[in-house]
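Please read them with the coordinates open.

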Amino acid sequence: MTDDLIIQTLLPTTHDLGGFKVHRTLPAKPRTMVGPFIFFDQMGPAHLAVGQGIDVRPHPHINLATVTYLFGGAIEHRDSIGSEARIAPGAVNLMTAGHGIVHSERSPADERAGGPELSGIQTWLALPEKDEEMDPAFEHVAETALPVVGDGTVRARVIMGELWGARAPTTTYAQTIYADIVLGAGDSIPIDSSADERALYVALGEATLDGMTLEPMTLYVLRPGTTPTLRSATGGRVMLAGGEAFATPRHVFWNFVSSRRERINDAKRAWKAQEFPKVPGDDKEWIPLPEVPLTVSYP
């Protein structure tokens, strides 16, 4: 029975950003968070025209951590604490905003020359209240440093936390699980039941959960304590995300997340007044505060 496994199904909101689409399943009116995850976006998959690329101009964050994970392509990250990193498929960029950070994300020049590929997942993690105002930080974890479990054509890369007996070195602030599961034709893998809250998302291909078809680009929140089996008949790529349940709700406006609405209002004022720090090497432009943001305020 579906109700025995799935307690909530979150459909995507799709935004066409010109040349590629972004599919967003968190935050949503029915549910704001799964564990610490408060934002879940799939970018692409897309192939942009020769000479084109993504240019996400400098923009601010507070009281959260962003996690970027690619299936294809590359992105150059720069931020206001001086970090510079090129992320490629299989690696992870973890940027902790804390009391405030500004960053930009752009396609590298060598990727633009051939027409860049863009495919991956970007998530935001709410920080525990004790860490919301910490100093900002950046961490790049190479593909080779992330553990991979499975046998044959099943490969599950543990991006954050501990799953299937393997632990990722990526920093976590709350109990967090995050994995990239690649299934070949006919493969299966059990889903760990240890986290308070868990969700599955079919990013590519197809998959079933104990015989139930999982629709692509849809976030399925699993019933706590269940140990279902994920299978694919023809091959698929599925993200598993979750962790500890947060007792205090989070407010979201644009790129700002906080346990305190007044903190978000202060960040809005500060960004309008250009009081946030600049990004070295990318300080000539920025994204203005929108009047009606794509990420609206919940709750």
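1. The annotated span. The end C-alpha atoms of residues 20-125 lie 24 Å apart. The span is 6% helix and 59% strand. Helices (H or I, at least four residues) and strands (E, at least two) are DSSP runs, numbered from the N terminus. UniProt, in an unreviewed entry, lists residues 20-125 as "domain: Pirin N-terminal". UniProt positions are given in the numbering used here, feature names are shortened, and annotations may be inferred rather than shown by experiment.

2. Ground rules. This is a predicted model: local features need pLDDT of at least 70, side-chain atom pairs count only at pLDDT 80 or more, and totals for chains, interfaces and linings use all residues. Residues are numbered from 1 along each chain as its sequence is written, and side-chain values use heavy atoms, with hydrogens and water left out.

3. Strand β9. All 5 of the 5 residues of β9 (residues 92-96) are buried, so the strand is largely enclosed by the rest of the structure. Buried means under 20% relative accessible area, exposed over 50%, partly exposed in between (1.4 Å probe, protein chains only). Both faces are covered: Val92, Leu94 and Thr96 on one side, Asn93 and Met95 on the other.

4. Partners of β9. Two strands pair if DSSP finds at least two bridges between them. Strand β6 (residues 64-73) runs antiparallel to β9, joined by 5 bridges. Strand β12 (residues 137-141) also pairs with β9 in the antiparallel sense, over 5 bridges. Met95 is the bridge partner of Thr66 and stands opposite Phe138 in β12.

5. The open sheet. Seven strands are ordered β1-β22-β19-β24-β17-β14-β13, with antiparallel pairing. β1 (6-10) and β13 (148-149) stand at the edges with a single partner strand each, so one side of each has no neighbour in the sheet. Within the sheet, 3 bridges join β19 (residues 197-205) to β22 (residues 219-222). Tyr201 stands opposite Leu219 in β22.

6. Salt bridges. The whole structure holds 20, each a side-chain nitrogen of Lys or Arg within 4 Å of a carboxyl oxygen of Asp or Glu. One joins Glu111 and Arg86 (3.5 Å, N to O). Glu111 lies in helix α2 (residues 109-114) and Arg86 in strand β8 (residues 84-87), so the pair ties together parts 25 residues apart in sequence. Another joins Arg167 and Glu162 (3.1 Å, N to O). Arg167 is exposed at 54%; Glu162 is partly exposed at 39%.

7. A charged network. Arg269 and Asp266 form a salt bridge (3.2 Å, N to O). Both lie in helix α3 (residues 261-272), 3 residues apart, about one turn of the helix. Salt bridges that share partners join Glu133, Arg260, Arg263, Asp266, Arg269 and Glu275 into one network.

8. Cavities. How many cavities of 30 Å³ or more are there? The count is 2. A cavity is a set of points on a 1 Å grid over the protein atoms alone where a 1.4 Å probe fits but cannot get out; lining residues have an atom within 4 Å of a point. Grid points are joined across faces, edges and corners, and a volume is the space filled by probe spheres set on the points. The largest cavity holds about 110 Å³. Its lining includes Trp271, Phe276 and Trp286.

Definitions and conventions:
1 Å grid on protein atoms, 1.4 Å probe; cavity = no way out; pocket = protein on both sides within 12 Å on 5 of 7 lines; lining within 4 Å.
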